[in-house]
Amino acid sequence: MILALVEHDRGKPNPLSLEALTFGRRLAERADVPLHAVLIGSEARPLADLSAAYGASMVHLVTHERLADFAPAAWAQSVVEVVDAVAPEAVLGAGSDRGNEVMAHVAAKIGLAMAANCVEVEPREPYVVTRLRWGGSLLEEARLEGVPKLLTVAPHAVAAEEVSAAGEPAVETLTPALEDEDLRVRVMGRTEAAEGRVSLPEARVVVGGGRGVGSADGFAMLEELASLLGGTVGVSRVVTSLGWRPHAEQVGQTGTRIAPDLYIACGISGAIQHMVGCKAAKQILAINTDPEAPMVAKADYAVIGDLRAVVPAVITEIKKALDG
Amino acid sequence: MTTLPRDANVVVIGGGIVGNSMAYHLARLGWKDIVLLDKGPFPSPGGSTGHASNFIFLVDHSKEMTEFTLDSVRQYQELGVFTESGGIEVARTKERLEELKRRVASAKSWGVEPVELVAPAEVKELVPFLDEKIVLGAFHTPGVGVVDSLRAGTLMRERAQEMGAITVSANTETTGLDVVDGRVAGVRTDKGDIGCETVVICCGVWSPRIARMAGASIPLTPAVHQMIDVGPVPLFAETVGEIAYPIVRDMDTNMYERQNGSDFEIGSYAHRPILMEPDQIPSIEESVLSPTELPFTQDDFDLQMEQALELFPDIVGDERVGIRHSINGLLSLTPDGMPCLGETPEVKGMWSAAAIWIKEAPGIAKTIAEWMTDGCPEIDPHASDIARFYDHHRTKTHIEARSAEGYNKTYGIVHPAEQWSSNRDVRLSPFYARERELGAVFYETAGWERPHWYESNAGLLDEYGDRVMQREAEWESRWWSPIISAEHLAMRDRVAMVDLSAFAIFDVSGPGALGYLQRLAVRQMEVPVGRVVYTPLLNPAGGVKADLTIMRLGSNRFRVVTGGFSGMFDKKWFVDHLPDDGSAQLYDATSAWCTVGVWGPRARDLVASVAEDDVSNEAFPFATCRGIDLGPVRALASRISYVGELGWEIYAPMEEGARLWDLLWEAGRAVGVVPAGIGVYATTARLEKSYRAHGNELELEYGLVEAGMAGPAVKDQDFVGKDAYLNQRQQEATALLCSLTVDDHTSSSGVKRYMLGREPILTPDGGPIVDAKGRRSYVTSAGAGPSVGKHILMAYLPPEHALVGTNLTVEYFGEPYPVTVAVVGNTPLLDPANERLKG
Amino acid sequence: MNVLVCVKRVPATGGRITLTPDEQEIDTRFLGFTVSPHEECAVEEAVRLIEAHGGTSVVLTLGPSVAEEQLRDALAMGIGEAILLQTDGREWDPIATANAIVDVVRSREAAGMAFDLLLFGNEAADTGDYQIGIRVAHVLGLPCVAGIKALEVRGGAAVAQREADGGREIFEVSLPAVFAVKEGINLPRYPSVPGRLKAKKKEIHRIVPEKRGGGLEKVRLKLPEEQQGEVEILGSGPEAAPRVVEVLQRLGIVPS
């Protein structure tokens, strides 16, 4: 049997767990064994049907009065007890923060190896898994020993897929023997993301300006765009060299390295020294007159044109969207 | 995307500062249908331009390099990308302080002004964050600055585009070069092929790889130059722009430091030479930063950090200032430290513009563009001419050995006569073993080991010591011996044997041989068989391209003899002008013949004692040549001399050379023969005779009239440069080559000092001497004249100073020494009537 | 307070990754090496803790002799002492690695130099195993908070935060404890020149570790099929503005 951990936060399922269920179901089918799910905490009880919809024929619901909020070692102990009870061939978690964490605790407790972020599993003895290295830039083929096999499923290794004829799942409830030790680490409070002045390395949005801005005065529109988007302004080296902006705003090899969700590079050609500073940006939008500029080539989105015309138009459009 | 044209007039490969400058200058000179391509993206395709430190110091001891640099600065200024910051070269040692005085002299010789030597307190004023206690003084050049080299390249590319002359293609990799009948026929790229007859390789560290595609070599090696960047520097927080303080060269540690915005950049040429091969350089895709920015190797830089910390404790010692960036940047090194410029000798139409740094790139590009356009560059690039290399220079062994040796001399105190220590003993004459036995001290030219003097002649000092000007100062006694002067005097009294096997020898034959040589030589070549003609060669603008001798060995047979150093670029000049109809052929016979000069008043006695032939003046007059039998050796003897004495250059088959030497040596005992080195041949004897040397007095920037070599008449036949030469003869010369003698050698500290060459000639009150064309007067050659008892200097002087008896000064290590014009033109100081020579 | 920070030497990738012909390693001919990014933040955190609270800091790595370079990087940032668990350079799997670290911690403890905080990176940049810190904590019987983006030590306890959807989860544990740090917890300093020079002179304690455990064994590495990132051209000039805003909305930066 294959056991899949269905992860949730105070009852809200993590979509990656559904992928893990799908991955587990296919593995189970190949090995011709059933797929079971494990749910932790009474808040997770409503997820039994969902687990079934994604192929679990049986759900092990682990409840305990002290399983009120996420506690990785306690969750791991819960999984271990289910493992002890049902002796699965393999245990799968999602390759999420919590999934990897809980499965690592499980592995430590059982004393077995664990393969994180697998994209393929060959259910032989030992398992041959293909897993992500370097955040997915590279794959590793590895042999995974032990019983049960412990692994997590890399995000988006498969698309979550409901089964056509899901029945009522059998639900087995279990109460683990939790030690104090298992509850030393648990969520004891929460805060919401604080608002305030955004610094370059922390900014979610950075509006970058290069030589194409044309003058020190030209940065007013970039400031406006940045503030509309809750971001901040960064500049290329040439801009500080020309004395248009202070050195503290320089993004690049010798300036600050940024990692925003979006980097809007306005009139920046994309010299290597600059790209080093912004390569951690999740998305890049380039606004540049030269369609062959390196920045355009490396961007996810681009507008070809003079930023001095494009940026004001974008500002107007954003204001419309915000008012609407 | 750009579509590549199927055909072009010229393809410039490489889009760094060199390629962009090339494209612009070609367009400016009227070239059309230029293609500029690079395998990387613009503006920074991934070569060395992208990580260059971009600063420009103006003064170099090489005139050629300084001229390239000054011209480049003018171009950068005109483009608006030059920021003047000033530059300080600091001395930590007394020896360096002396060297800085020499840099002042070079600045004055090449016209770089203003410059000044400054005391530690003034250094502190200029660079407040420098610990002045570490330094003894500094050389300050206010005109030093930084450039935005990427911007400069972009602007030049755009200008060429505005002229409608150029197609630019980024991300286009050259995959092959087509060569048909020894000439470039096309460039193959991953975006398509371009037919063209001219290609310029501006590929920096990749240049050898591209040249190899056409079967040519560009002898350079990629090498690592380490740089770190520390910051942010609190002191720079309030400064505006890229640089507000002078750039510092810490010469004694082979390092430089400069402000770069909020950061402080530290670069080094001090670490062990780390050479690479062009094929080892990663591709753009494989590179983390760029192909020429390799991972930093910390261990190599540890000492440099300590030295930077010593000099800049306030910045480098600040714990808040972090090392934000560090790279092993790649740059190009060549075996002799000079760039590789010009058409490759192997492939017609394939030009090299390689081993060029930011500071000289636009000036060099302009020079090459002129050279490509009409063969007449304004700045003489002969020391950078890629045709200068012999085959052995192109071997990996040589390139790596000399590049590595030269690397740590980047800021070194290099004596003008300093010898290389690596890869020696490559070309040995058949006399070598005997010379070693005689205690020869060997200097190298073009790979040849040539005796500079012989320790076995030390005994001559007993005889001539009182006439030898002993050198008291360490600098000019370095790479020198008083024996040179003693050998000289013994030669003038008796007879000397001089090994001249380093000559480059080209045999020209065929029915068109005479017409062909007539087209190149200034002097009349239609002479009787057996005549020897000394002649200059000119370029079309009338600049002196070469000077050499040509023997007429038969009606259709000539032998050209030229110096070892200039042998290969002279050969290219001859080969380039060979008639298309095949009526003349050139054969490089350098390796077939050894040569010994036998000169002195007893030379005839010596030669006569072993010759089967009559060698009397009547039978064998001056400026003739013929075969003679010397014992068992059938040799070619040529009665000319570069030392001003009776005698012959004797040419023998290389393998018979040892026998010839022994024969002459034994016969010479009776007449007191001495072996004499190149110290006599190339300097002391030459200067007494006012003989000019190529690369010193003779270069493209001066003509024959100025050099005092115009001769009474011009031959009727046409020759290269004739029109310009005729024109020069009509004009008043703007400068005249003069010989000067030093009147008083005594320095302020009472030590006698002797100039070595390249020093500025100044007015009696120390002012510069500039001719109507803006050229400075400087010492082109310097050396002892033991027979005239004077230290002799040659220099071009404007007509108002070119008068015998005029008093001027020469600046040497910061002090003026009085000199007097002894000769205007080429009249010898010794034996003006040439009686010794022709007797 | 005594802090241990465990780091890993990894190639500083950035260009296209290529493999050695035997498919066992990344081809590092053109690459430098660095401390894995999460761990670089762990080093910074350790330095800050000691700056704030006093005490000692030790950096440890398991790797080949040349991993000394990464230890010196950490020393240059201000760590006090360095331990190299020297291997032949072949990979050790997570269990073996954790056991070797445990051995060091226990022997220090036996020598009266117990650690109050053991800092790890959340996962190594190269292998991405997500488990070394947790395994060490488990064997030593210590609590472990993984994935932390903030850490504050108050007396004998520490408050750690980690990011969760739109906010942060707060954990409080008593010391000694293990923390697995995520990038973003701080901005690691660049080492200064004096820091580098001091680091150069420090001794590296070299230990040949005993290899115990295993169970995850690399067979080979392979490159994923190339997914060419294509730039989406939204248009030319100001007319492209509405499409820009659509993208901003799609990315959740402007509310839709």
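**Helix packing, strand pairing and a chain contact**

In the predicted model, the axes of helix 2 (residues 63-79) of chain B and helix 9 of chain B come within 6 Å and cross at roughly 105 degrees. Angles of 65 to 115 degrees count as roughly perpendicular, and helix 2 of chain B and helix 9 of chain B are therefore roughly perpendicular to each other. On the side of helix 2 of chain B, the residues that meet helix 9 of chain B are B:Phe68, B:Thr69, B:Asp71, B:Ser72, B:Gln75 and B:Tyr76. Their counterparts in helix 9 of chain B are B:Ala361, B:Pro362, B:Gly363, B:Ile364, B:Lys366 and B:Thr367. By class, the residues of this contact divide into five nonpolar, five polar and two charged.

Helix 9 (residues 361-374) of chain B also meets helix 1 (residues 17-28) of chain B, and the two axes come within 8 Å and cross at roughly 40 degrees. This angle makes helix 1 of chain B oblique to helix 9 of chain B. The crossing of the two helices is right-handed. Helix 1 of chain B contributes B:Ile17, B:Val18, B:Ser21, B:Met22, B:His25 and B:Leu26 to the contact, while helix 9 of chain B contributes B:Ala361, B:Pro362, B:Ala365, B:Lys366, B:Ile368 and B:Ala369. Nine of the residues in the contact of helix 1 with helix 9 of chain B are nonpolar, two are polar and one is charged.

Elsewhere in chain B, strand 33 (residues 647-653) is mostly covered, with six of its seven residues buried. Strand 33 of chain B pairs with strand 30 (residues 593-599) of chain B in the antiparallel sense, over seven bridges. In strand 33 of chain B, B:Tyr651 stands opposite B:Thr595. Strand 33 of chain B is also joined to strand 32 (residues 633-638) of chain B by three bridges, and these two strands run antiparallel. Here B:Glu649 of strand 33 of chain B is the bridge partner of B:Ser638.

Chains A and C are in contact as well, through 65 residues from chain A and 58 residues from chain C. On the side of chain C that touches chain A, at least two residues each come from helix 4 (132-140), strand 7 (144-154), strand 9 (167-174), strand 12 (216-222), strand 13 (232-236) and helix 6 (241-250) of chain C. This side of chain C has 33 nonpolar, 13 polar and 12 charged residues. Strand 12 of chain C is joined by six bridges to strand 9 (residues 138-144) of chain A, and the two strands run antiparallel. In strand 12 of chain C, C:Leu221 stands opposite A:Glu140.

Methods
Residues are numbered from 1 along each chain as its sequence is written. Chains are lettered from A and ligands numbered from 1 in the order in which they are written. This is a predicted model: local features need pLDDT of at least 70, side-chain atom pairs count only at pLDDT 80 or more; totals for chains, interfaces and linings use all residues. Two residues are in contact if their C-beta atoms, placed from the backbone, lie within 7 Å. Helices (H or I, at least four residues) and strands (E, at least two) are DSSP runs, numbered from the N terminus. Ala, Val, Leu, Ile, Met, Phe, Trp, Tyr, Cys and Pro count as nonpolar, Asp, Glu, Lys and Arg as charged, and the others, Gly among them, as polar. Two strands pair if DSSP finds at least two bridges between them. A residue is buried if 20 or more other C-beta atoms lie within 10 Å of its own, exposed if 12 or fewer, and partly exposed in between; C-beta atoms are placed from the backbone. Axes are lines fitted to C-alpha atoms, for helices over the stretch in contact, and angles run from 0 to 180 degrees between N-to-C directions. Angles under 35 degrees count as roughly parallel, over 145 as roughly antiparallel, 65 to 115 as roughly perpendicular and the rest as oblique. A crossing is left-handed if the near helix is turned anticlockwise from the far one by less than a right angle, and right-handed if clockwise.
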